[in-house]
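I opened this chain to look up a few things about its helices, strands and contacts. The entries below follow the order in which I checked them.

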Amino acid sequence: MAEDSDLEKTEPASPRRIEEAREKGQIARSRELTTFAGLLASAGGLILMGPTLIDRLSAVMRHGLTLSREDIFNTTLMLTRLHQASQEILIAFLPFLLLMAVAAVASSIMLSGWMFSFQALTPDIKRLNLFKGMARMFSSHSLVELAKAVAKSALIGGVGAWFIWHNVDVMLSLLTIPLDEGMGQVIRLMGNTLLFVSGSMILIVAIDVPFQLWEHSKKLKMTKEEVRKEAKESEGDPQLKARIRSMQREMARRRMMSEVPKADVIVTNPTHYAVALRYQDKAMSAPQVVAKGAHLLAERIIELGKENRIPILRTPPLARALYRHAEMGEEIPSELYTAVAEVLAYIYQLRQYDTRGGAIPQAPGDLPVPENLDPGTEE
């Protein structure tokens, strides 16, 4: 049962799934919204641009139908006049066509945002599968689209027939009025018809847009297994990440060990912690921790120190405080300056003794380590 539930598409699409679908051209589309926007733009364009269109079309007709005697007998003039008239008509309707194009694009952007992809146009042999094509033809989506087309045709046809029926007298009067006035009347009738038809589609659009968004979201739903797989791909394989972290720690440990021979002193707990310190008077404002470790790593630091003749000082409180509160490659806390200064002074005295001899310096005893920095007294 658990395996079956993992294979059911019950999870909402992730942002990555949505983005991949957009790259493939899979977005929510509403033909009804595009049709509505086109009809509304056409109605507005005819109503607002009607007078200008009438003037331009009237001028084209007058120029095209005005012929002199020489023009009548010129057999090559007809194609020239037709070409000129076609150009003038196209220029006259160009603003109207641009308005239609803007309405179509804007309706798509309103629903799914801007998207431009050639992937949807890529040839796909799978689309030629006869059985899948038949399945799509009789799918629930196709039945819904068929029902919508029938309802839309009935509604638009009914509204258009009602409008024409109530304007029969106006249409019949077109036979008796001058051409200019008749063309203006035709433009107004067409604009009003488109306005009424587009108004009748508001209900269809109000139903279709939420349905298309819901159906698109349903198509992109994911199974629980897909969600887990995507999370693993985006975040990385836990085993691989653990391996990478282990390698990073090993590399950091090697870099740290390579710094131990450069240390001035190693302070120890002695069995729990080891911290290697380095101080260069002209290059550093305060001593720095070049290596630190606990247990086995502490033992390895002490061994390297002995191999490289680095002084090793047993100072449990200071070792614990440095291990807990000083980071690799950083300066020690200011609260430990005094204690570390005593240690470094002792180291410098040892160097003087090794070079010039004299009295053997005494190792510092009770170092001034603040209690709040000492995590404990374990040995």
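Which residues of β4 are buried on one side, and which on the other? I found Y273, V275 and L277 on one side and A274, A276 and R278 on the other, all of them buried. Buried here means under 20% relative accessible area, exposed means over 50%, and partly exposed is in between, with a 1.4 Å probe and protein chains only.

**Ground rules.** I noted that this is a predicted model, in which local features need pLDDT of at least 70 and side-chain atom pairs count only at pLDDT 80 or more, while totals for chains, interfaces and linings use all residues. Residues are numbered from 1 along each chain as its sequence is written, and side-chain values use heavy atoms, with hydrogens and water left out.

**Whole chain.** I counted 15 helices and 6 strands in the chain. Helices (H or I, at least four residues) and strands (E, at least two) are DSSP runs, numbered from the N terminus. Of the 379 residues in the chain, 31% are buried. I also looked at contacts between residues at least 6 apart in sequence: 76% of them join residues at least 24 apart. Contact means heavy atoms within 4.5 Å.

I then went back to β4, which spans residues 273-278. In β4, 6 of its 6 residues are buried. β5 (residues 288-294) is also mostly covered, with 6 of its 7 residues buried. I checked the pairing next; two strands pair if DSSP finds at least two bridges between them. β4 and β5 pair in the antiparallel sense over 6 bridges. I read off two of the partners in β5: Q288 for R278 and G293 for A274. On β3 (residues 265-268), the pairing with β4 is antiparallel over 4 bridges. I266 has A276 as its bridge partner in β4. β3 and β4 form a hairpin, and 4 residues lie between them.

**Helix α14.** I listed the buried residues of α14 (residues 316-325): P316, L318, A319, R320, A321 and L322. The elements that cover these buried residues include β3, β4, β6 and α15 (337-356).

**Positive phi.** Where does H295 lie? I found H295 in the loop between β5 and α13 (296-307). Its phi is near 55°, a positive value in a residue other than glycine. Most residues other than glycine have a negative phi. H295 is partly exposed, with a relative accessible area of 47%. R309 also has a phi near 55°, again positive and again not in a glycine. I placed R309 in the loop between α13 and β6 (312-314). At 75% relative accessibility, R309 counts as exposed.

**Transmembrane record.** I looked up the UniProt record, an unreviewed entry, which lists residues 33-54, 89-122 and 193-214 as "transmembrane region". UniProt positions are given in the numbering used here, feature names are shortened, and annotations may be inferred rather than shown by experiment. In the model, residues 33-54 are 100% helix and 0% strand, with the end C-alpha atoms 29 Å apart. Residues 193-214 are 95% helix and 0% strand, and the end C-alpha atoms lie 32 Å apart.

**Helices α3 and α5.** How do α3 and α5 pack? I noted an angle of about 165° between α3 (residues 31-65) and α5 (residues 77-112), with their axes 9 Å apart. That makes α3 roughly antiparallel to α5. Axes are lines fitted to C-alpha atoms, for helices over the stretch in contact, and angles run from 0 to 180 degrees between N-to-C directions. Angles over 145 degrees count as roughly antiparallel, under 35 as roughly parallel, 65 to 115 as roughly perpendicular and the rest as oblique.

**E32.** I found E32 in helix α3. E32 is buried, with a relative accessible area of 4%. Leaving aside neighbours within four places in sequence, E32 is in contact with K148, K152, M201, I204, V205 and D208.

**Q185.** My last entry is Q185, which lies in helix α9 (residues 179-200). Not counting residues up to four places away in sequence, Q185 touches V170 and L174. Q185 and M171 are 14 residues apart in sequence, and I read 8.6 Å between their C-alpha atoms.
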